[in-house]
Amino acid sequence: MLRDLLVHVDGSLAGRTRVQLAVKLAACTGAKLSGIHVTPPIEVPSRVRPTGIADMTAYFSAMQTVESQAAADTFEGAVLGHLTDAGWSEVQGDVAQSICDHARYTDLVILGQYEWQGTPASHPLPIAHTVVVRCGRPVLVVPAETSIKAFDHIALAWDGSREAVRALHDALPLLCRARSVEIIKILSSTTSCNADDERLREHLGRHRLAHRADSLLITSAQDHDTLRHQIEQGAYDFFVMGGYSHPMWMEFIFGGATQSLLLSAKIPVLVSH
């Protein structure tokens with residue numbers, strides 16, 4: 001059951017799309033929608049001369065003020081006439097950590113696919129990647145050009161892991177509302193295709209989910225393209241998957257399905273860690 005949604009808002013076109021999706025989701029689930037905009041500490045590029053730091057800091061500060069107002073206007077315009085239960089917060093600090101702090105009291109966090117904080121040297125991955133690992137709540141990562149009219153057709157990646165189990169149950173409120181749920185089984189070379197099929201079918205059946213199961217054999221990092229192709233060709237409204245199964249620094253250095261799909265997906269991805 002979804003009763004509290006949190007969406008991070010900025011003044012960009014992608015931010016407007018993200019808020020519109022969040023409003024639709026809140027309206028169809030009856031949840032309260034909370035919007036948040038986080039103003040990060042100013043990071044002056046190292047190439048700036050010492051004599052220019054004050055001017056550059058003032059410039060960035062003015063830009064942040066404009067961004068904050070644009071974010072507030074975006075949220076207010078999106079919820080007006082559509083939601084009666086909505087709230088707005090503006091905070092300052094580290095963006096990912098501030099979102100995680102507010103996420104403690106929400107059922108789902110909604111973020112952009114390519115929201116960044118600061119320079120790549122200090123923040124090498126998008127905000128969503130950090131929030132997924134830290135916040136303890138499911139995160140819906142929304143691409144900039146998403147066009148979604150319903151939440152009817154959902155795909156779920158399933159390999160029986162702790163992360164997949166968590167994702168399945170975090171997504172149940174949405175899965176139960178869907179017209180169809182497709183289970184994409186991700187198998188190792190030593191895993192039996194029918195190892196837990198019956199138990200999974202029985203469990204989903206008790207929740208009255210209309211689902212079907214397909215199988216994909218994923219045995220190496222190169223095969224992530226197969227999963228990505230399946231997602232892009234499946235005409236899904238969004239995709240559900242488990243998150244990182246090892247420390248984030250390893251995921252960043254060596255790559256992985258979670259990072260790859262979050263960066264490249266063309267539909268919203270709900271990920272749990």
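Keep in mind that the model is predicted.

Start with helix α3, residues 95-103. Which of its residues are buried? They are V95, A96, S98, I99, C100 and A103. An α-helix has 3.6 residues a turn, so residues three or four places apart point the same way. What covers the buried residues of α3? The cover includes four strands: β1 (4-8), β2 (32-39), β3 (86-92) and β4 (108-112). It also includes a helix, α4 (127-134).

Now the start of α3. A side-chain oxygen of D94 comes to within 3.3 Å of the backbone nitrogen of A96. D94 has another partner, Q117: their side chains make a polar contact at 3.4 Å.

So where is Q117? Look in the loop between β4 and α4. Is Q117 buried or exposed? Buried, because its relative accessibility is 7%, and the cut-off for buried is under 20%. A polar atom of the Q117 side chain also lies 2.6 Å from the backbone nitrogen of V95. Leaving out residues up to four places away in sequence, Q117 touches P40, P41, D94, V95, A96, H123 and I127.

Last, the helix pair. Helix α1 (residues 13-29) packs with helix α2 (residues 53-79) at about 35°. Their axes are 9 Å apart. The crossing is right-handed. From α1, the contact uses G15, R16, V19 and V23. From α2, T74, F75, A78 and V79 take part. By type, the residues of this contact are five nonpolar, two polar and one charged.

Methods:
Residues numbered from 1 in each chain as written. Predicted model: local features only at pLDDT ≥ 70, side-chain atom pairs only at ≥ 80, totals over all residues. Heavy atoms only, no water. Buried < 20%, exposed > 50% of the residue type's maximum accessible area, 1.4 Å probe, protein only. Helix = DSSP H or I, 4+ residues; strand = E, 2+ residues; numbered from the N terminus. Contact = heavy atoms within 4.5 Å. Polar contact = N/O pair within 3.5 Å; in protein donor to acceptor, adjacent residues only side chain to side chain. Axes fitted to C-alpha atoms, helices over the stretch in contact; angles between N-to-C directions. Left-handed = near helix turned anticlockwise from the far one by under 90°. Nonpolar A, V, L, I, M, F, W, Y, C, P; charged D, E, K, R; others polar.
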